[in-house]
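Subject: Structure handover

Hello,

Here is the structure for your files. My notes on it follow below.

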Amino acid sequence: MAARFGVISTGLALAGGAAINFLPIPIAGEIKAQAGTAFYKNVAWPFVSLMNPEFSHSFSVWLAKYHLTPVDRVTDDAILNTTVLGRQFRNPLGLAAGCDKHGEAVRGFLAMGFGFVEVGSITPLEQEGNPKPRMFRLKEDEGVINRYGFNSDGSKVVKDRLTALRAEGTALSGPLGINLGKNKTAEAIPDYVHGIEQLGSLADYLVINVSSPNTPGLRDLQEKKEMEGVMRAVIAARNRHCPETPVMVKIAPDLDDEGLKDICE
């Protein structure tokens, strides 16, 4: 009986969600969200959970790329609007780098309601990243462990892709961040400078990633002396190629207070 009720309630929720899918009003958005959650938990997840974790990630990006993902038609409340570093965000909830790693589905993810999308990390040269398997589900925690290791299409491919996106003529509905990484066996400073030269003019903001635990030696760049060298070169390159583009640094979440102080200085 409980299972039957669950199926019936899910069906009603889906029907209601479909009926109001195109209504741009808050109550419609709330009902649609409830219906989407019911559909995912009761219909989609049993199938998705059978997929290889990395394949399910790639598949989700493919769906967003071809606009087969949900569309949020409700205008964000003005209280959610904010301005950071001179960039306007319609809401503060964004898609972090690591999902759309190659800049394939920016519009699709923005259409889902994200206030901004950050693509990458992007390395100068194409690289495969770590050997597979490299993504693992933590079912009890409802999470995943990602050990991709900066798999990237390379800056040239991503530059062409984002140039075409910018040339479409329709403005993006939120800022586009570009997260830059280094190739596994390359020197850090030339790689970050290359990324700025190739991609800086396409970004609403840039992120220098020195925190990935999956690239050997990368976190060593968080040490004060190393960080100073990287940031001097990065800011000089930014000033030459895209002087109006803000630059941020992605650091490890487990730095102690002394490490944070060194980075800030």
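The axes of α6 and α7 come within 9 Å and cross at roughly 20°. Axes here are lines fitted to C-alpha atoms, for helices over the stretch in contact, with angles from 0 to 180 degrees between N-to-C directions. Helices (H or I, at least four residues) and strands (E, at least two) are DSSP runs, numbered from the N terminus. The pair α6 and α7 is therefore roughly parallel; angles under 35 degrees count as roughly parallel, over 145 as roughly antiparallel, 65 to 115 as roughly perpendicular and the rest as oblique. The crossing of α6 past α7 is right-handed, where right-handed is the case in which the near helix is turned clockwise from the far one by less than a right angle, and left-handed the anticlockwise case.

On the α6 side, the contact is made by Ile189, Tyr192, Val193, Ile196 and Glu197. On the α7 side it is made by Gly229, Val230, Ala233, Val234, Ala237, Arg238, Arg240 and His241. Contact means heavy atoms within 4.5 Å. By class, the contact of α6 with α7 has eight nonpolar, two polar and three charged residues. In that count, Ala, Val, Leu, Ile, Met, Phe, Trp, Tyr, Cys and Pro are nonpolar, Asp, Glu, Lys and Arg are charged, and the others, Gly among them, are polar.

Before going further, the basis of all this. This is a predicted model, in which local features need pLDDT of at least 70 and side-chain atom pairs count only at pLDDT 80 or more, while totals for chains, interfaces and linings use all residues. Residues are numbered from 1 along each chain as its sequence is written, and side-chain values use heavy atoms, with hydrogens and water left out.

Buried residues make up 39% of the 265 residues; buried means under 20% relative accessible area, exposed over 50%, and partly exposed in between (1.4 Å probe, protein chains only). Among contacts between residues at least 6 apart in sequence, 65% join residues at least 24 apart.

The largest nonpolar core has 40 residues, and Val106, Leu162, Ile178 and Tyr192 touch the most other members. Such a core is a set of buried Ala, Val, Leu, Ile, Met, Phe, Trp, Tyr and Cys residues joined through side-chain atoms within 4.5 Å. Two or more residues come from each of α3 (53-65), α4 (106-111), β3, α5, β6 (176-180), α6, β7 (205-209) and α7 (224-241). The most come from α7, with six residues. Leaving aside neighbours within four places in sequence, Val106 is in contact with Asp100, Val117, Val119, Leu162, Leu165, Leu172 and Leu176.

His57 is found in helix α3 and counts as buried, at 14% relative accessibility. With neighbours within four places again left out, the contacts of His57 are Gly98, Cys99, Lys101, Met135 and Tyr148.

Some backbone points may be worth a look. Most residues other than glycine have a negative phi, and most peptide bonds are trans. Against that background:

- The peptide bond from Gly120 to Ser121 is cis, with omega near 10°; Ser121 is in strand β3 (residues 117-122).
- The bond from Lys132 to Pro133 is also cis, with omega near 0°; Pro133 is in the loop between β3 and β4 (135-138).
- Glu142, not a glycine, has a positive phi of about 55°. This residue lies in the loop between β4 and β5 (143-146) and is exposed, with a relative accessible area of 77%.
- Phe150, also not a glycine, has a positive phi of about 60°. Phe150 lies in the loop between β5 and α5 (155-166) and is buried, with a relative accessible area of 5%.

Gly149 is found in the loop between β5 and α5 and is buried at 9% relative accessible area.

Regards
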